[in-house]
Amino acid sequence: QVQLVESGGGLVQAGGSLKLSCAASGSFFSIIAMGWYRQAPGKQRELVAAMTSGGSLRYADSVKGRFTISRDNAKMTVYLQMNSLKPEDTAVYYCNVGVVVGVGEYEYWGQGTQVTVSS
């Protein structure tokens with residue numbers, strides 16, 4: 001079982017910054033990838049940013065140049081630095097982690113953290 005603890009959400013004015021954190025713990029062999037998704041009211045959950053264990057990065061077009069994903073392997077923590085925030089970034093942000101447990105691969109989700117950007 002893997003536990004994900006998210007932090008860092010909140011209310012910020014447009015143009016401001018927030019940094020999200022997601023710490024993983026539990027019994028697993030290795031991490032395949034870590035990333036962030038978001039879901040705004042009435043919309044589907046979408047990928048924001050992701051990083052594989054090999055260091056490959058992927059960003060949604062809407063956040064390129066503004067958001068940066070990073071990780072601390074020793075702390076098994078993934079971060080999302082969000083700059084130049086816009087009202088349309090308002091959503092619940094979810095951490096997502098893919099891990100290897102035994103011979104299988106599994107995906108886990110954090111509980112979600114609210115990010116609200118006021119205009």
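Predicted model: local features only at pLDDT ≥ 70, side-chain atom pairs only at ≥ 80, totals over all residues.
1. Two strands count as paired here if DSSP finds at least two bridges between them. By that rule, strand 3 (residues 18-26) pairs with strand 8 (residues 77-82). Six bridges link the two strands, in the antiparallel sense. Within this part of the chain, A23 sits opposite T77 of strand 8.

2. The mean pLDDT of the chain is 94. A pLDDT of 70 or more is reached by 100% of the residues. Confidence is highest in strand 2 (residues 10-13), with a mean of 98. The lowest mean, 91, belongs to strand 10 (residues 104-109).

3. Overall make-up. The chain has eleven strands and zero helices. In sequence order the pattern reads β-β-β-β-β-β-β-β-β-β-β. The radius of gyration is 14 Å, close to the 14 Å that the globule rule gives for 119 residues, so the chain is as compact as a globular protein of that length. Along the principal axes, the C-alpha atoms fill a box of roughly 45 × 25 × 25 Å. Of the 119 residues, 42% are buried. Take the contacts in the chain with a separation of 6 or more: residues 24 or more positions apart account for 54% of them.

4. As a general point, strands of a sheet pair through backbone hydrogen bonds, either parallel or antiparallel.

5. A closer look at S21. This serine belongs to strand 3. Is S21 buried or exposed? S21 is buried, because its relative accessible area is 19% and the cut-off for buried is under 20%. Beyond four places in sequence, S21 touches V5, E6, S7, W36, T77, V78 and Y79.

6. The nonpolar core. Which residues have the most contacts inside the largest nonpolar core? They are L4, W36, V48, F67, L80, M82 and Y93, in a core of 31 residues. Two or more core residues come from each of strand 1, strand 3, strand 4 (30-39), strand 5 (46-52), strand 7, strand 8, strand 9 (91-101) and strand 11 (113-118). Strand 9 gives the largest share, five residues.

7. Y93 and its partners. With neighbours within four places in sequence set aside, Y93 is in contact with E6, L20, W36, Y37, R38, V48, F67, L80, M82, G112, T113 and V115. Among these, W36, V48, F67, L80 and M82 are also on the list of residues with the most contacts inside the core.

8. Five of the seven residues of strand 5 are buried. Strand 4 and strand 5 run antiparallel and are joined by six bridges. R38 faces E46 of strand 5. The hairpin of strand 4 and strand 5 has six residues between the strands, and G42 takes a positive phi near 75° there. Strand 5 is also joined to strand 6 (residues 57-59), by three bridges and again antiparallel. A49 stands opposite Y59 in strand 6. The hairpin of strand 5 and strand 6 has four residues between the strands, with G55 in the turn at a positive phi of about 100°.

9. A33, across a sequence gap. A33 lies in strand 4. A33 counts as partly exposed because its relative accessibility is 22%, above the 20% limit for buried. Leaving aside neighbours within four places, A33 is in contact with M51, T52, S53, N96, V97 and G98. From A33 to E107 there are 74 residues in sequence, while their C-alpha atoms are 9.3 Å apart in space.

10. Backbone points to check. M76 is not a glycine, yet has a positive phi of about 50°. M76 sits in the loop between strand 7 and strand 8. With a relative accessible area of 31%, M76 is partly exposed. S84, also not a glycine, has a positive phi of about 50°. The loop between strand 8 and strand 9 holds S84. S84 is partly exposed, at 40% relative accessible area.

Note on methods:
Residues numbered from 1 in each chain as written. Heavy atoms only, no water. Buried < 20%, exposed > 50% of the residue type's maximum accessible area, 1.4 Å probe, protein only. Contact = heavy atoms within 4.5 Å. pLDDT = per-residue confidence, 0-100. Core = buried A, V, L, I, M, F, W, Y, C linked by side-chain atoms within 4.5 Å. Rg over C-alpha atoms; globule rule 2.2 N^0.38 Å.
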